[in-house]
Amino acid sequence: MAKNSVIDGRMTAHLDGGFVVFLIGMRINKPWKVHKWWPVFTAMPRMLRVLRQHPDLGLLGYHIALRPRGPIIVEYWRSVEDLTKFAHNHLQPHLAAWRMFNRHVGFTGDVGFWHETYVVAPGGYEAVYGNMPRFGLAAAGEHVAVARKGESAKERLHAKLAP
């Protein structure tokens, strides 16, 4: 089946154990200052390329949404330890990108950034996808029929995966 093929019906996501949802984005506050925001804009694709090439670093999956003022990336990580280890490792591209931001942009107001980190306990999530390709948490983990976890959101929360 092709990566973006629509799967008819209702599906859900399953991951064994806990995981981390990391939301990150940038905001282009002064669009005419391309020399300030372009390096920030291009830093994330380089990081994602490294993470795709090295699944052992802990990234399970991600999606990018482009908004008029900048991208938002939803990332799913195996653990908060993997996320912070990647962020602080001088051999990985994040630390260099962060230092570049501080040197060339800093807190001038030209470019904004933000991130939010959510640690999800085992079974502390619920998802449903209707007539969708494999997406979101289902693309980061296992994509299963709704019937295997429950027909309602209440049933799917904390559900054990049925055989």
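The structure is a predicted model, in which local features need pLDDT of at least 70 and side-chain atom pairs count only at pLDDT 80 or more, whereas totals for chains, interfaces and linings use all residues. Residues are numbered from 1 along each chain as its sequence is written, and side-chain values use heavy atoms, with hydrogens and water left out.

The secondary structure of the protein amounts to five helices and seven strands, where helices (H or I, at least four residues) and strands (E, at least two) are DSSP runs numbered from the N terminus. In order from the N terminus, these elements run β-β-α-β-β-α-α-β-β-α-β-α. Of the 163 residues of the protein, 40% count as buried, that is, under 20% relative accessible area with a 1.4 Å probe and protein chains only.

S2 and S4 belong to an open sheet of four strands with the order S3-S4-S2-S5 and antiparallel pairing, two strands being taken as paired if DSSP finds at least two bridges between them. The edges of this sheet are formed by strand S3 (59-67) and strand S5 (111-120), each of which pairs on one side only. Its neighbouring strands are turned by 15° against each other on average, direction ignored; axes are lines fitted to C-alpha atoms, for helices over the stretch in contact, and angles run from 0 to 180 degrees between N-to-C directions. Helix H1 (residues 34-53) lies across S2, S3, S4 and S5, running at about 155° to S3.

An open sheet of three strands, also with antiparallel pairing, has the order S6-S1-S7. Strand S6 (129-132) and S7 stand at its edges with a single partner strand each, so one side of each is left without a neighbour in the sheet. Neighbouring strands here are turned by 50° against each other on average, direction ignored.

Within this sheet, strand S1 (residues 7-14) and S7 pair in the antiparallel sense over four bridges, and alanine 13 has histidine 143 as its bridge partner in S7. Histidine 143 lies in strand S7 (residues 142-145) and counts as buried because its relative accessibility is 17%. With residues up to four places away in sequence not counted, histidine 143 touches Ile7, Met11, Thr12, Arg134 and Ala138, contact meaning heavy atoms within 4.5 Å.

Key
Buried means under 20% relative accessible area, exposed over 50%, partly exposed in between (1.4 Å probe, protein chains only).
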